[in-house]
Amino acid sequence: MSEGLQPGREPDRDLRTTEVDLGGLVGVLATHLYSTPLVALRELVQNAHDSHIRRRLEDPDSTVRPVIRVRGDAERRTVAIEDTGAGLTEPEIHAYLATVGTGYTRLLREVTGDQSLIGAFGLGFLSAFSVAEEVAVTTTSHREPAAGHRYRSRGGEQYSVEAVAPRPVPGTVVELLLKPEHAHLADEYALREALARYCALLPIPVHVGDDPTPVNDVPVPWRQEVPGDPHTARMRFATAFGRRFEPLTAFPVTPVDGTTDAVGLLWVQDGGTYGSSDNRDLSVYLRGMLLSEDARDLLPSWAGFIGGVIESTRLTPTASREDLQRDEHYRALQQALADAVVDGLYETARLHPAAWRRILARHGQDLLGAALCDDRLFTLLADDVPVPTSQGDLTAGALRAAGGGAVHVALGSGGGGFEEMLYRAMQVPIARGDRYAVLPFLRRYARLRDCRIVELGSESGNRELFRDPERPLPAEEAAWLSAALTDQGEQLVPARFDPPGLPLVLVPDREAELKARIEDDQADARIPTAALRLARAFTAKTDGTVKARLYLNLASPAVEQLLTAYRTGHTGSTTAAGLLRSLKVIMAAASGSSGSSGGDLTAALAGVGTAVAALTAAVPEGLSVVPDTLSGSGRHDALQGEGTA
Ligand SMILES: Nc1ncnc2c1ncn2[C@@H]1O[C@H](COP(=O)(O)OP(=O)(O)OP(=O)(O)O)[C@@H](O)[C@H]1O
């Protein structure tokens, strides 16, 4: 610790008072405290509101109907905020309006305990100077209805007060002569837009210009006086408030015992969200006044589809009253809002099935991810949320039923590879594991519902697809088949798989594919050097000589017949093998997996013609090239196999 700072020791120096450069301070407060010029209007409307509350507290018998009116005059470049509240006496102008850091409002709240008063810092009025060249406040106090005073100031540092005629009814009008750069604030259309948001929860009607309808005329659904069905009232409010999206449903936020006092409304927004898109939109009000328009961090990060409005007296605003202190109340509210979203979705699923279906269709992708973040949400969504599959969106339950009790998910990115072709032949839908949250969601679903998950494209998934043959093929037969069926870079793998009608399938080696792509000379031009060096260091470890595996289905009648023919020395076996080889090439070309191998398509097509010609060539009476085994049901199956594949 330095010598100058010692705890507990009284300084024995002369105490002097810190000087304040008032001009500088006023300038900073007026110009830099607030992020948008509209905040000045909010502060002045809020003062008008507080003044009405003051009037009610001091003069409970008053019959004056509280009204706030804001007028813009584009030609004169002025905005005026008018109230019929308490007004100010001349000493009050000096003591409160013109004293930075002191206001009457906070005192009044402390004395009366009235929590509907908004002002606290004694700073807000200064914001008028951030948008105005000159400010005039003409006021008549309800205590001295025969006296009028006008405060005037340019810049806020110096001011004058003069006696003027009293206002017809007590109250105040604050007039701003706007700086040229803020002239747009005088546009009444823009004023209406901004004030509708700022004042949505204010209990006193706020009018713009001569409009007889207040900007805040939509009933606030969590206030008791709203008549009719609560859901209708909620939807009405959400529709009026949600600026960017139509609401699909709306549900309440209610105080959580001892934790938060927040009340309000949340809604599910229409408008597609994909994966990580974040359209969270939360406005926070304190004592009826908008504090923050973008308090999205109070909502759970997975709730990109939620909009809402809440109010709470426990949150502490920053002095600019545009943001919130991140204190324990803030954190408690975060938790409460996450619970409110989950409760609301449960309520929607139960009470509003049509809206629930729209939400699932609209936000399925987001909900898949959301379900992973919240256990209760997972339970709600496990059987309802649509999962993108090769056969369109399906629930995990439908996916499982169509997969014979297992959910199938493809890990590859392209889709449409051999797995898909194989499963299409079996009518089994495959979930798109490359889409946001699909794979972890299905893994969790499989654990919850105790069902099998088959991950295609992984080694275990391929093993699941291609089972080992019951008996290994004799080496000599395997060698003959390999020579007859494979092309360069292909490896023959005898196996058993479904459907039995499919005699063989060619599966490209994904790592070899990657290696070929990375080692391609042109990769230099497309991939940054450092990344390419790393990638090549990795692919150097993969062998890459096997570009594709040809799985031969020993459970297929066509293959069985072929082997029988070969074993009996039937002359047609070579022709039949040639046909299968052509089939392989044609299927690989059709499934788009012929890139790295698979043979020449033109040659394969020609091969079909040659085989047909050989099988149908005129032969002497009594000498058949087609043995019985191939002319019966086995042959029929073999042809069917070609057809289905
Ligand atoms: N329209 C008005 N009618 C009557 N009194 C007003 C009006 N506007 C301002 N005042 C008085 O001027 C005081 C200072 O206003 P100012 O906006 O600077 O601070 P505040 O409203 O008290 O607090 P905050 O900075 O939190 O808004 C108020 O407390 C109030 O006593």
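**Entry 1**

The coordinates are a predicted model, in which local features need pLDDT of at least 70, side-chain atom pairs count only at pLDDT 80 or more, and totals for chains, interfaces and linings use all residues. I number residues from 1 along each chain as its sequence is written.

Strands here are DSSP runs of E of at least two residues, helices are runs of H or I of at least four residues, and both are numbered from the N terminus. I count two strands as paired if DSSP finds at least two bridges between them. β1 (residues 68-73) and β2 (residues 78-83) pair in the antiparallel sense over 6 bridges. The two strands form a hairpin with 4 residues between them, and R77 in the turn has a positive phi of about 60°.

I then checked the other partner: β1 and β7 (residues 206-208) run parallel and are joined by 3 bridges. In that pairing, R69 stands opposite H207.

For burial I used counts of C-beta atoms placed from the backbone: a residue is buried if 20 or more others lie within 10 Å of its own, exposed if 12 or fewer, and partly exposed in between.

**Entry 2**

I examined β20 (residues 548-553) next and found 6 of its 6 residues buried. A548, L550 and L552 point one way and R549, Y551 and N553 the other, yet all are buried. β18 (residues 490-495) runs parallel to β20, with 6 bridges joining them, and L492 stands opposite L550. β19 (residues 504-508) pairs with β20 in the antiparallel sense over 5 bridges, where V505 stands opposite Y551.

In helix α19 (residues 557-567), I listed P557, A558, V559, Q561, L562 and A565 as the buried residues. G569 follows α19 and has a positive phi, near 75°.

**Entry 1: the nonpolar core**

I defined a nonpolar core as a set of buried Ala, Val, Leu, Ile, Met, Phe, Trp, Tyr and Cys residues joined through C-beta atoms within 7 Å. The largest such core has 144 residues, and V45, A128, L195 and L442 have the most contacts inside it. Helix α20 (residues 573-590) gives the largest share of this core, 9 residues.

I call two residues in contact if their C-beta atoms, placed from the backbone, lie within 7 Å. Leaving aside neighbours within four places in sequence, L195 is in contact with L41, V45, V70, V206, V208 and V215.

Of the 23 residues around the ligand, N47, G103, Y104, G119 and G124 come nearest. The elements giving two or more residues to this shell are α2 (38-58), α3 (90-97) and α4 (104-112). α2 gives the largest share, 5 residues.

**Entry 2: the whole chain**

I recorded 23 helices and 20 strands in the protein chain. Buried residues make up 40% of its 645 residues. Domain bounds come from an automatic or database domain assignment, which gives domain 1 (23-208), domain 2 (230-362) and domain 3 (382-465). I noted that the C-alpha centres of domain 1 and domain 3 lie 63 Å apart.

Methods:
Near = placed C-beta within 6 Å.
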